[in-house]
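This report describes one predicted protein model.

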Amino acid sequence: RKGQAMTWTTGIRRVFAGAAAVTLLAIPSALQGQQLVSAAMEGVDLDKAEALEAQALSLLGDPGEWDEAASLFRQAAALRPVADGKAAENLVVAGRLAYFDGDPRTAIVDLEGAATRASISGQSEVAVDAFLDAAWVADQANLEQHRTRLMLAVERIAQETVLDRGQQREI
């Protein structure tokens, strides 16, 4: 019996030691996850983003102010979390304004940024539309390499995403 008691006691100690080790090993990964969330939220200011967006919207009636409006939409997007779909919307508007303001390269950057943000936030259809808009702008500006790269991004999203037949036909 004494040998069995020692074995049982040793077994219990090993279980507790193992549980303690697992707990201690999990603490750094939990802290790392917390740091990732903190890093993702760094620079996020939704109130300021909303204010900048409202200011940008007020400038849309004057084509002479579109450059400033696009800048404000970009700033608003930068203040939103990466996976916030509203950031993608802000960048789409900024990209379209940049295009109509005569700056196709900036339009492509904005639209591609919108597509990336939309893709991260799970808005595949918005991502595809933004990439297609960017590819169209690249085509209009005779930027063939950009157009090709952007169309490949559309194809990649289409392959990775379950789209219904109507969406597939649109692409």
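## Arg74 and Asp110

Arg74 is partly exposed, with a relative accessible area of 25%, while Asp110 is buried at 5%. Buried here means under 20% relative accessible area, exposed over 50%, and partly exposed in between (1.4 Å probe, protein chains only). The two residues form a salt bridge whose closest N and O atoms are 2.9 Å apart. A salt bridge is a side-chain nitrogen of Lys or Arg within 4 Å of a carboxyl oxygen of Asp or Glu. Arg74 belongs to helix H3 and Asp110 to helix H5, so the bridge ties together parts that are 36 residues apart in sequence. Helices (H or I, at least four residues) and strands (E, at least two) are DSSP runs, numbered from the N terminus.

The model is predicted: local features need pLDDT of at least 70 and side-chain atom pairs count only at pLDDT 80 or more, whereas totals for chains, interfaces and linings use all residues. Residues are numbered from 1 along each chain as its sequence is written, and side-chain values use heavy atoms, with hydrogens and water left out.

The structure holds 10 salt bridges in total. In one of them, the side chains of Arg80 and Glu53 meet at 2.7 Å, N to O. Arg80 sits in the loop between helix H3 (66–78) and H4, and Glu53 in helix H2 (residues 46–58), 27 residues apart. Both Arg80 and Glu53 are buried, Glu53 with 11% relative accessibility.

Glu53 also forms a salt bridge with Lys86, the closest N and O atoms being 3.2 Å apart. Since Glu53 lies in helix H2 and Lys86 in helix H4, this pair ties together parts 33 residues apart in sequence. Lys86 is partly exposed, at 27% relative accessibility. Salt bridges with shared partners join Glu50, Glu53, Arg80, Asp84, Lys86 and Glu89 into one network.

## Nonpolar cores

A nonpolar core is a set of buried Ala, Val, Leu, Ile, Met, Phe, Trp, Tyr and Cys residues joined through side-chain atoms within 4.5 Å. The largest has 25 residues, of which Ile108, Phe131 and Leu150 touch the most other members. Helices H4 (85–100), H5 (104–120), H6 (124–140) and H7 (144–160) each supply at least two residues of this core. H6 gives the most, with eight residues.

A second, separate core of 12 residues includes Leu52, Leu72, Leu79 and Ala94.

## Aromatic rings

Two aromatic pairs are present. Rings of Phe, Tyr and Trp (its six-membered ring) pair if their centres lie within 6.5 Å; planes under 30 degrees apart count as stacked, over 60 as edge-to-face and the rest as tilted. Tyr99 and Phe100 are edge-to-face, 5.2 Å centre to centre with 75° between the planes. Tyr99 and Trp136 have ring centres 5.3 Å apart and planes at 65°, so this pair is edge-to-face. Tyr99 is in helix H4 and Trp136 in helix H6, 37 residues apart.

Together, Tyr99, Phe100 and Trp136 form one aromatic cluster. Tyr99 is partly exposed at 24%, Trp136 is partly exposed at 45%, and Phe100 is exposed at 61%.

## Confidence

The mean pLDDT (the predictor's confidence in each residue, from 0 to 100) is 82, and 70% of residues reach 70 or more. Over residues 15–24 pLDDT stays under 50, and the model has zero contacts there beyond four places in sequence. Where pLDDT is low, the predicted coordinates should not be read in detail.

Conventions. Contact = heavy atoms within 4.5 Å.
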